[in-house]
Amino acid sequence: MNKKYANKCIIFCNFAVMKINIEPIATLHSPFSGKFGIPRQPMLAPSVKSWIEFLPPYNVNAAVRGLETVSHIWIIWQFSEFANKKWNATVRPPRFGGNKRVGVFATRSPLRPNNLALSAVKIDKIDLDDTKRGPIIEISGADIMDGSPIFDIKPYIPFTDCIAQASATFYTKPKTLAQVKFLDNTTQTIDNQTIKSITEILLQDPRPAYKNDAMEIFAFEFGDFHIEFSVENNVAIVSKLEKYR
């Protein structure tokens, strides 16, 4: 073999098996302590408040300088709950009722080789802190579990990130429930912001697509609250809403 091409082959082969180590730059804090109840996509529950706390050595005000000029950001994060689980070439997306298999790279399934996710969220406030804690970014609309590691943050740029002609034929906008009803006394001591966020979450119908028994009770935690609900005639009925911690 020609020596010049042999050297190129060695370089290419080494690159093909090269492993890149990345480390979190921040942690996402949200009201979602578990997977159930988390919106399936970002901005489906825009009232949900979360915040980003940077890790050393990235917790310096200079690192977010200029970010106040944008309204939204991309967050690259990890499905940490699935970090040690084997990835699959095909998966069954829950919106298809778990019955249809498609390629993992045609989905946003967490069971993927590097368990990475991408979410666009709204910036509410950037709190510049000169103490060791560093800057805090308050955001809305995150679909991310509490404690998830963040690997990068990038500005959302409307003229290039919003593609008007884009299509995704089998990812149509999911149907929502018609209404959320809270049974008597469930909301007496709950603040309006929490009620609004829970309503947005339940309107998206967090149940698995194959679960349609009107008698079944589902439960999840949101912040300090435990919620129990059922769905009947396209209406989510909250039977329990109470503080659990």
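Colleague: In what order do the strands of the open sheet of 4 strands follow one another?

Modeller: This is a predicted model, in which local features need pLDDT of at least 70 and side-chain atom pairs count only at pLDDT 80 or more, while totals for chains, interfaces and linings use all residues. Residues are numbered from 1 along each chain as its sequence is written, and side-chain values use heavy atoms, with hydrogens and water left out. Strands (E, at least two residues) and helices (H or I, at least four) are DSSP runs numbered from the N terminus, and two strands pair if DSSP finds at least two bridges between them. In this sheet the pairing is mixed, and the order is S9-S12-S11-S10.

Colleague: Which strands stand at the edges of that sheet?

Modeller: An edge strand here has a single partner strand, so one of its sides is left without a neighbour in the sheet. That applies to strand S9 (179–182) and strand S10 (218–222).

Colleague: What is the average twist from one strand to the next?

Modeller: Axes are lines fitted to C-alpha atoms, for helices over the stretch in contact, and angles between N-to-C directions run from 0 to 180 degrees. From one strand to the next, the twist averages 30°.

Colleague: Which residue of S12 is the bridge partner of glutamate 228?

Modeller: Strand S11 (residues 225–232) and strand S12 (residues 235–243) pair in the antiparallel sense over 8 bridges. Across this pairing, the partner of glutamate 228 is lysine 240.

Colleague: At about what angle to S9 does helix H3 run?

Modeller: Helix H3 comprises residues 192–203 and lies across S9, S10, S11 and S12. Relative to S9, the helix runs at about 130°.

Colleague: What is the strand order of the closed barrel?

Modeller: The barrel has 6 strands with antiparallel pairing, and its neighbouring strands are turned by 45° against each other on average, direction ignored. The order runs S1-S2-S7-S6-S3-S8.

Colleague: At what distance does the side chain of threonine 107 reach the backbone oxygen of valine 104?

Modeller: Threonine 107 is found in the loop between strand S5 (102–103) and S6, and it is buried, with a relative accessible area of 9%. A polar contact is a pair of N or O atoms within 3.5 Å; within protein, one must be able to donate a hydrogen and the other to accept it, and residues adjacent in sequence count only if both atoms are side-chain atoms. The side chain of threonine 107 reaches the backbone nitrogen of serine 109 at 3.1 Å, and the backbone oxygen of valine 104 at 2.9 Å.

Colleague: Is asparagine 233 buried or exposed?

Modeller: Asparagine 233 is placed in the loop between S11 and S12, and has a positive phi of about 55° although it is not a glycine. With a relative accessible area of 71%, asparagine 233 is exposed.

Colleague: What is the mean pLDDT of the chain?

Modeller: The pLDDT is the predictor's confidence in each residue, from 0 to 100, and 91% of the residues of the chain reach 70 or more. The mean over the chain is 88.

Terms used:
Contact = heavy atoms within 4.5 Å. Buried < 20%, exposed > 50% of the residue type's maximum accessible area, 1.4 Å probe, protein only.
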